[in-house]
Amino acid sequence: MKHCPLFALALALAPGVASAAPSADARREIAQLIGSLDGSQCQFQRNGSWYGPADARSHLQRKYDYLLKKNMVDTAEQFVERAASQSSMSGKAYRIRCPGQPEQTSAAWFGARLQALRQRTP
């Protein structure tokens with residue numbers, strides 16, 4: 001029997017469905033990650049097109065809101081993995097480019113931001 005890719009994705013994410021809502025710390029971290037492009041000169045690529053910080057923030061917020069409704073995210077790591085790393089439609093990895101820095105995957109970029117946030121927060 002052949003299954004559609006969305007069914008496979010749902011099965012892969014099924015263990016996260018029964019999880020609790022994000023803690024206050026996780027919500028703070030995710031909000032800071034979503035806002036981390038604000039005020040930057042970085043661009044966000046999804047599905048082959050580049051977007052500015054405001055469009056990137058809006059897109060990531062919509063994905064996060066969707067995951068929250070489905071109880072599919074309760075840590076900042078899950079947010080990066082499930083919302084900020086790749087297109088759920090095409091499967092293509094998101095990319096970020098900032099002036100004076102090499103272009104990189106958004107997973108690496110947001111991962112570094114999360115690490116920096118945690119180092120600053122006691």
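1. Basis. The model is predicted: local features need pLDDT of at least 70, side-chain atom pairs count only at pLDDT 80 or more, and totals for chains, interfaces and linings use all residues. Residues are numbered from 1 along each chain as its sequence is written, and side-chain values use heavy atoms, with hydrogens and water left out.

2. Disulfide. The count is one disulfide (a pair of cysteine sulfur atoms within 2.5 Å). Cys-42 is joined to Cys-98, with 1.9 Å from S to S. The link of Cys-42 and Cys-98 is right-handed, at 110° about the S-S bond. The pair links distant parts of the chain, 56 residues apart. Cys-42 is in the loop between helix 2 (24–35) and strand 1 (43–46). Cys-98 is in the loop between strand 3 (95–97) and strand 4 (104–105). Helices (H or I, at least four residues) and strands (E, at least two) are DSSP runs, numbered from the N terminus. Cys-42 and Cys-98 are both buried (under 20% relative accessible area; exposed is over 50%, partly exposed in between; 1.4 Å probe, protein chains only).

3. Aromatic pairs. There are three in the structure. Rings of Phe, Tyr and Trp (its six-membered ring) pair if their centres lie within 6.5 Å; planes under 30 degrees apart are stacked, over 60 edge-to-face, the rest tilted. One of the pairs is Phe-44 with Tyr-94: centres 4.9 Å apart, planes at 50°, so tilted. Phe-44 lies in strand 1 and Tyr-94 in the loop between helix 4 (76–82) and strand 3, so the pair ties together parts 50 residues apart in sequence. Phe-44 is buried at 0% relative accessible area, and Tyr-94 is buried at 1%. Trp-109 and Phe-110 form an edge-to-face pair, with 5.1 Å between centres and 90° between planes. Trp-109 and Phe-110 are buried.

4. Charges over rings. The cut-off is NZ of Lys or CZ of Arg within 6 Å of the ring centre and within 35 degrees of the ring normal. Arg-46 lies over the face of Tyr-51, 4.6 Å from the ring centre. The charged end of Arg-97 sits over the ring of Trp-50, 3.9 Å from its centre.

5. Lys-63. Where does Lys-63 lie? Lys-63 is in helix 3 (residues 53–69). Lys-63 is buried yet has no salt bridge (a side-chain nitrogen of Lys or Arg within 4 Å of a carboxyl oxygen of Asp or Glu). The nearest side chain of opposite charge, Glu-81, is 11 Å away. Lys and Arg count as positive, Asp and Glu as negative; His and the chain ends are not counted. Leaving aside neighbours within four places in sequence, Lys-63 has contacts including Arg-82, Gln-86 and Tyr-94 (heavy atoms within 4.5 Å).
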